[in-house]
Amino acid sequence: EGSYYSLENCKTQVTAYFEQQQHGRRAFGFVPIFSKFAETSNDSNNNGLLLDCVDEFIQVFGKYVDVPGIIHAAIKAKQEQQDDKRRDSSSSSSVRKRNSQKQKQFVEKKAKIFHAPSVRKQ
């Protein structure tokens, strides 16, 4: 189909978009129109037929979409998120530790001032 919104035109444009962005992201697939959904959804009495189409749609979806790729990308994203949290946590920890040391030094310095023997003799 040569229309502007045809699968091939959309596939070309979406793929080009991801290639230009270069963020390691990509489209995982392009599912063609599943006409059985359109046919059965027009008739409100066909809810049962619509559900019967689900298994077939899952097969079509699996044929055109890289489902293992989606799962791998999700695992990788979650791992990166956990790594970022660990990195933030450890850098926050070291900042807290530095602040704690500075605070301790400040308190010790003030304590020396207040607990130092009086220099003035009367």
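Q: Where does Cys 53 stand, buried or exposed?
A: Cys 53 counts as buried because its relative accessibility is 8%. Buried means under 20% relative accessible area, exposed means over 50%, and partly exposed lies in between, with a 1.4 Å probe and protein chains only.

Q: What kind of model is this, and how are residues numbered?
A: The model is predicted: local features need pLDDT of at least 70, side-chain atom pairs count only at pLDDT 80 or more, and totals for chains, interfaces and linings use all residues. Residues are numbered from 1 along each chain as its sequence is written, and side-chain values use heavy atoms, with hydrogens and water left out.

Q: And Cys 10, why does that one count as partly exposed?
A: Cys 10 counts as partly exposed because its relative accessibility is 29%.

Q: How many disulfides are found?
A: A search of the whole structure finds 0 disulfides, a disulfide being a pair of cysteine sulfur atoms within 2.5 Å.

Q: Changing topic, what is the overall make-up of the protein?
A: The protein has 4 helices and 0 strands, and its elements run α-α-α-α from the N terminus on. Helices (H or I, at least four residues) and strands (E, at least two) are DSSP runs, numbered from the N terminus. Of the 122 residues, 7% count as buried.

Q: What share of the contacts joins residues at least 24 apart?
A: Among contacts between residues at least 6 apart in sequence, that share is 43%. Contact means heavy atoms within 4.5 Å.

Q: Where is Asp 66?
A: Asp 66 lies in the loop between helix H3 (47–64) and helix H4 (67–115). Asp 66 is partly exposed, as its relative accessible area is 28%.

Q: Which residues does Asp 66 touch?
A: Leaving aside neighbours within four places in sequence, Asp 66 is in contact with Arg 26 and Phe 28. The side chains of Asp 66 and Arg 26 make a polar contact at 2.6 Å. A polar contact is a pair of N or O atoms within 3.5 Å; within protein, one must be able to donate a hydrogen and the other to accept it, and residues adjacent in sequence count only if both atoms are side-chain atoms. The Asp 66 side chain also reaches the backbone nitrogen of Gly 69, at 2.9 Å.

Q: Which residues line the largest pocket?
A: The lining is formed by His 23, Gly 24, Arg 25, Arg 26, Phe 28, Gly 69, His 72, Ala 73, Lys 76, Ala 77 and Glu 80. A pocket is an open set of points on a 1 Å grid over the protein atoms alone, where a 1.4 Å probe fits, with protein on both sides within 12 Å along at least five of seven lines; lining residues have an atom within 4 Å of a point.

Q: What volume does the largest pocket have?
A: Its volume is about 300 Å³.

Q: Back to the helices: where is Asn 9?
A: Asn 9 is in helix H1 (residues 7–21). A polar atom of the Asn 9 side chain lies 2.7 Å from the backbone oxygen of Ser 3.

Q: And Glu 56, which residues is it in contact with?
A: Glu 56, in helix H3, is in contact with Phe 34 and Lys 36, leaving aside neighbours within four places in sequence. The C-alpha atoms of Glu 56 and Lys 36 are separated by 9.3 Å.

Definitions and conventions
Grid points are joined across faces, edges and corners, and a volume is the space filled by probe spheres set on the points.
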